[in-house]
There are 2 protein chains.
Amino acid sequence: MATLKDVARETGLTVSTVSRVLNNRGYISEETRKKVYEAMKKLNYQPNEVARSLSKQVTNTIGVIVPHIRHPYFAELISCIENAANKKKHKILLFNSKDRDEKEMEFLDMCISNRVAGVILCSGSVAMESFQGINVPLITIERNLEGGTAAVECDNLQGGRLAASHLIECGCKKIVHISGVSGISMPADDREVGFVEVCNEKRVEHLEVKTDFKLYNAGYYNEFLEEVLLNHTDIDGIFASSDLIAAQILQVCAKLKIAVPEQIKIVGFDDVLIASLTAPSITTIHQPIKEMAGMAISLLLDAAENKVVPNKVTLPVTLVERQST
Amino acid sequence: MATLKDVARETGLTVSTVSRVLNNRGYISEETRKKVYEAMKKLNYQPNEVARSLSKQVTNTIGVIVPHIRHPYFAELISCIENAANKKKHKILLFNSKDRDEKEMEFLDMCISNRVAGVILCSGSVAMESFQGINVPLITIERNLEGGTAAVECDNLQGGRLAASHLIECGCKKIVHISGVSGISMPADDREVGFVEVCNEKRVEHLEVKTDFKLYNAGYYNEFLEEVLLNHTDIDGIFASSDLIAAQILQVCAKLKIAVPEQIKIVGFDDVLIASLTAPSITTIHQPIKEMAGMAISLLLDAAENKVVPNKVTLPVTLVERQST
C-alpha cells in the first residue's frame, strides 16, 4: 500500500507539504494541491485513518448500541442515526445487544477501546455504576440512565394523551392500553400515564395491560393479545405502545372476525414502515425518529467538544390518522 | 486515561509481561494474570484498539454497505451480519448508500482508510473498475459484481420455481410475477427465470411485470400494484419478489375488495418479519438470511487470511406456507 512518503517522492514535495495538503492546513497553491491529488490517485494512496486517530486519541466513529436491529423501530432509528452521523462526517459502529446486560457492557468496552467519539445507547437496563470511568459522551434515546450525558426522548406523555383523546373522539366507550414492557423503568411508561389522565378527565372506562420482556424480545404477541381480546369482549378501542403490537392486534382481530375499525379502533405508536403496510393501515402516534437521531448526534458532537449540552431533550409527537380508526 | 505503564507500575511487573497477559502470549502464571486484571480494573485501564490496529495495519472491523437500512430485508440482514461478526470478535461499521453510486464509492474509501478487515457490499451498481486497488476482501450478498472476492446468494432460480409450482398446485390458472427492479442486473433476476420455466413446463398462463428503481427506493408500490390488478382482472395468483411488495398487494386487494386467498393467492420472497405480521400472513420463499450472513463473514475472514475461498456460494431456499395461499 502506498504511503505518504511515496506520494512525496512522486511529487518531489516534502512529506510535510503533502501532509498539509491532506489536512488542509496552511497556504497551499492550487498547483501543488493538484499535483498531490494526482500522485495520490496514480499511486492509489489511501490516508490511514487509524494512524490519524491514534495521534488524535479519538476517532470519527460513533458507537451505536441497540437491543434489536430487526425491530422496525430500531431499524428506522439506526437508518436515521447513520444518516445524521454521515452528514457530520462520522461513521457508526453498530452493536446488537439483544437486551443482554453483559453484551451491553462488552460493547461499551469495545467502544472505549476503539476510541469512539461517543456512544448512543438505545438499549437495556445496565446499572449506572457500569458507566463510571467512561469519559466519552453517552447519549441515550428513549431509555432511562442516570449518569448519561444526555437523554433524547419523544413526548411520550403527550403521545398517550393524543391516542386516548383520538379514540374517545371516535366514539369509543371502553379503551385499553397495551404497553410494551413491564418491570423496567422506561420513558415509554409515560404513554400509559398520559392515556390514563385523559380517560379519567373524560370519564371513559379504561384498562391497562402490560406485556413482558420475553414477549418484547421475541416480538411475538399474538397469543397474549388473543387472550386480552377474549377476556374483554366489550373493548371498542385499543392504544398499543408500538406499531408492531398494533399490527398483531389486526391479525388477532382478523382471526376472531372482529372488524377494524368498525368494531374495534386501533392506535399504534412509532409510525414505522409497518404502520402503513397493513390492511387496514394503522393510525399511530408519530415519533420524530429522524429529528431524535439528528439531535442525538448533535448533542454527542457538542459534548465531545466539551460544550455544555442539555441533559434531556424531549421532541414533540403527532397523531397520524389512517384506516384503523 | 490509564496506560499500560500505569498497570505495570501498579502490579510491579514489567510492561512486556503485562502486554503478554493482554495478548495471551507465552506462559503466564494464574497469579500474575489475576494481578494484572485486578490492576486493570482498579485503574480502569482500557486497551487501545486503535494503537493495536496500527501495528497490525488492519482492524477487527468489517465495513457493511447496504442500500436501505430501514428496508425489512436489509434490517434483518444487518442484524444477522452483526451477530455473525460478533461471534468472530469483529465489529461492523455500517453505511447506508441509498443506492447512490457516489456514496458507495465514498464509503468504500472510508472503509479502506479505516483499515477494515474486509467489506460486505449488499448494494448498488458500482462499476468493476472502481474496486481496482482495493486489496481487502470484498464479499457481495445478492448482487452482481465482477472482480469481487466472493458472492453469496440464495438459490433465486429455485425460489422462482418453488413459487410458481406452489401457485399452480393451489389451482391458479393465470399467474403473474412482480419483480423488484428492472434495468440493473441482479441475482434476484433468476427468480423470474425460475418462475417462467415452471409456467412453461406446466403450460400455465403467466405474465411478468417489472417495477422500477424509483419505486424500489421509495419502497412504495401501491399505485403501481393497483394498476396491475385493474389491468389484469383475471389474475388468480401473484408471485412478488419481496415480502414488502406482497404486503402492499394485500393492501390493494383489501381496497379493491379482492379476497385473499379465495380470489387471488399471493407468494412473497425473503421471509422477513413483515410476512408474518400481515392479515392474512404471507406465504413466502424463505431466504436463509442468517446462513448467508454467516457465510459472508466466514468467507471474508478466510480471504483476509489469504485462504482460497469459493468465488460464489449459493444457499438453498424453502417455501413457507402461510395464509395468503
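1. A cis peptide bond links B:Val260 to B:Pro261, with omega at about 10 degrees. Keep in mind throughout that this is a predicted model.

2. Chain A has its own spot to look at, in the loop between strand E9 (265-270) and strand E10 (283-286), where A:Pro280 is found. The peptide bond running from A:Ala279 to A:Pro280 is cis, and its omega is near 0 degrees. The loop between E9 and E10 of chain A also holds A:Asp271. That residue is not a glycine, yet its phi is positive, about 60 degrees.

3. Now for the two chains together. How many residues of chain A are in contact with chain B? There are 55, and they meet 55 residues of chain B. Between them, chain A and chain B bury about 4900 Å², and 57% of that is on carbon and sulfur atoms.

4. On the polar side of things, 19 residue pairs are in polar contact across the interface of chain A and chain B, with both partners at pLDDT 80 or more. The same interface has 2 salt bridges. A salt bridge joins the side chains of A:Glu76 and B:Arg70, at 3.0 Å from N to O.

5. Which elements of chain A supply at least two residues each to the side that touches chain B? They are helix H4 (49-56), helix H5 (72-87), strand E2 (91-96), helix H6 (101-113) and helix H11 (243-255). H5(A) gives the largest share, 8 residues. Sorted by type, this side of chain A has 24 nonpolar, 21 polar and 10 charged residues.

6. Have a look at the strands, too. E2(A) is joined by 3 bridges to strand E2 (residues 91-96) of chain B, and the two run antiparallel. Within this pairing, A:Ile92 is opposite B:Leu94 in E2(B).

7. Last, salt bridges overall. Side chains of opposite charge can pair when their charged atoms come close. Over all chains, the structure holds 34 salt bridges. One of them pairs the side chains of A:Arg143 and A:Glu104, at 4.0 Å from N to O. A:Arg143 lies in the loop between strand E4 (138-141) and strand E5 (150-154) of chain A, while A:Glu104 belongs to helix H6 of chain A, so this pair ties together parts that are 39 residues apart in sequence.

Notes
Residues are numbered from 1 along each chain as its sequence is written. Chains are lettered from A and ligands numbered from 1 in the order in which they are written. This is a predicted model: local features need pLDDT of at least 70, side-chain atom pairs count only at pLDDT 80 or more; totals for chains, interfaces and linings use all residues. Side-chain values use heavy atoms; hydrogens and water are left out. Contact means heavy atoms within 4.5 Å. Buried area is the accessible area (1.4 Å probe) that two parts lose on being put together, summed over both. A polar contact is a pair of N or O atoms within 3.5 Å; within protein, one must be able to donate a hydrogen and the other to accept it, and residues adjacent in sequence count only if both atoms are side-chain atoms. Helices (H or I, at least four residues) and strands (E, at least two) are DSSP runs, numbered from the N terminus. Ala, Val, Leu, Ile, Met, Phe, Trp, Tyr, Cys and Pro count as nonpolar, Asp, Glu, Lys and Arg as charged, and the others, Gly among them, as polar. Two strands pair if DSSP finds at least two bridges between them.
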